[in-house]
Amino acid sequence: MPRAAYFPDFLTPHVEDGRNDLQSGIDRVLATPRRRLRHELALLSAGGGQPWAGAELARGDVTTVNALGGKLRTYYQEFIAPLGNRIGTATAADVAWRTRVLADGGTRALLNSLRPMAVWEPPVLTVDYPVERDLQLNGRGLLLVPSYFCWQRPISLADDQLRPVLIYPVDKSPSSAAAPSASLSRMLGSARAALLSEAAALTCATTSELADATGLSLPSASQQLAVLRDGGLVASQRDGKRVLHTATPLGLRLLDGC
């Protein structure tokens, strides 16, 4: 799949029923109606893309469709699964941060948090998009989707009739990545355990809030949070003058196992 202005929407199916595991996603892709396959692959071809076995896939050839499912599964196992902790940490931290921003300042603050890649000037959200395009919501709402695999610019589905979504890149800095398991030995201690527990219980808490909740001084809480962050158990996001912290998926699993 070459880098191009158009990407087939059927390869990123919408999660309708809450089932977001790998097999459910692959099943949705393989269940794409033939008419839609033909239409979207024709658009890809017209835009200069040359998908593998495009003609057979466009016809809905069973062998080719099943092969696509196998390639998606193999790609996940080889390239995505090994980075599962890092991906989960980055996206969970972004969701926690945006949730805190929404709770504190409402929809306007949430949309303003997307700067500089998107600028909210009611009633228009202007996005640094790869191509010139207008998308009318017409009362349908906009689903924000944080993505580890989106780079530099947000993207959306090409078909205006599908549910409007804005897929935007999350912070991929090393500070939000899970460290090797050997670093977990540094996590022992009542102060760190208390901070991790409170970071999991609160929605994207500030350093001061975590210090108050655990009875630690602000400098001590900041120092211990840095250790938790280095171990991949807590992710931190600067929001103006404050720093917001949330437990990572790895940190949550550690708490669940205790």
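## A first walk through the chain

The model is a predicted one, in which local features need pLDDT of at least 70 and side-chain atom pairs count only at pLDDT 80 or more, while totals for chains, interfaces and linings use all residues. Residues are numbered from 1 along each chain as its sequence is written, and side-chain values use heavy atoms, with hydrogens and water left out.

**The chain as a whole**

The secondary structure comes to 9 helices and 7 strands. Both kinds of element are DSSP runs numbered from the N terminus: helices are H or I runs of at least four residues, and strands are E runs of at least two. Of the 258 residues, 34% count as buried. Buried here means under 20% relative accessible area, exposed means over 50%, and partly exposed is in between, using a 1.4 Å probe and protein chains only.

The chain exposes about 14,800 Å², and carbon and sulfur atoms supply 54% of that. These areas come from the Shrake-Rupley method with a 1.4 Å probe; for residues, only the protein chains shown count as cover. Now take the contacts, meaning heavy atoms within 4.5 Å. Among those between residues at least 6 apart in sequence, 54% join residues at least 24 apart.

Helix H1 covers residues 22-30, and its buried residues are Ser24, Ile26, Arg28 and Val29. Helix H4 (62-80) is included in what covers them.

At the start of H1, a side-chain oxygen of Asp21 comes within 3.3 Å of the backbone nitrogen of Gln23. The side chain of Gln23 also makes a polar contact of 2.8 Å with the side chain of Asp27. A polar contact is a pair of N or O atoms within 3.5 Å; within protein, one must be able to donate a hydrogen and the other to accept it, and residues adjacent in sequence count only if both atoms are side-chain atoms. As background, an α-helix has 3.6 residues a turn, so residues three or four places apart point the same way.

**Where H5 meets H9**

Two packed helices are described by the angle between their axes and the distance between the axes. The axes of helix H5 (residues 84-112) and helix H9 (residues 249-256) come within 8 Å and cross at roughly 100 degrees. Axes are lines fitted to C-alpha atoms, for helices over the stretch in contact, with angles running from 0 to 180 degrees between N-to-C directions. H5 and H9 are therefore roughly perpendicular to each other. That label covers 65 to 115 degrees; angles under 35 count as roughly parallel, over 145 as roughly antiparallel, and the rest as oblique.

On the H5 side, Asn85, Gly88, Thr89 and Ala92 meet Pro249, Leu250 and Arg253 of H9. The residues of this contact divide into 3 nonpolar, 3 polar and 1 charged. Here Ala, Val, Leu, Ile, Met, Phe, Trp, Tyr, Cys and Pro count as nonpolar, Asp, Glu, Lys and Arg as charged, and the others, Gly among them, as polar.

Arg115 and Pro116 are joined by a cis peptide bond with omega of about 0 degrees, and Pro116 is found in the loop between H5 and strand S1 (118-121). Another cis peptide bond joins Pro122 and Pro123, with omega of about 5 degrees; Pro123 lies in the loop between S1 and strand S2 (124-127).

Asn138, in the loop between S2 and strand S3 (143-147), has a phi near 50 degrees, a positive value in a residue other than glycine. Gln152, in the loop between S3 and strand S4 (165-169), also has a positive phi, near 70 degrees.

**Arg140 and its partners**

Arg140 lies in the loop between S2 and S3. Not counting residues up to four places away in sequence, it touches Leu135, Asp160, Gln161, Leu162 and Pro164. Arg140 and Pro164 are 24 residues apart in sequence and 7.3 Å apart in space, C-alpha to C-alpha. The side chain of Arg140 reaches the backbone oxygen of Asp160 at 2.9 Å, and a polar atom of this side chain lies 2.9 Å from the backbone oxygen of Leu137.

**Accessibility of the residues visited**

| Residue | Relative accessibility | Class |
|---|---|---|
| Gln23 | 34% | partly exposed |
| Asn66 | 47% | partly exposed |
| Asn138 | 69% | exposed |
| Arg140 | 34% | partly exposed |
| Gln152 | 70% | exposed |
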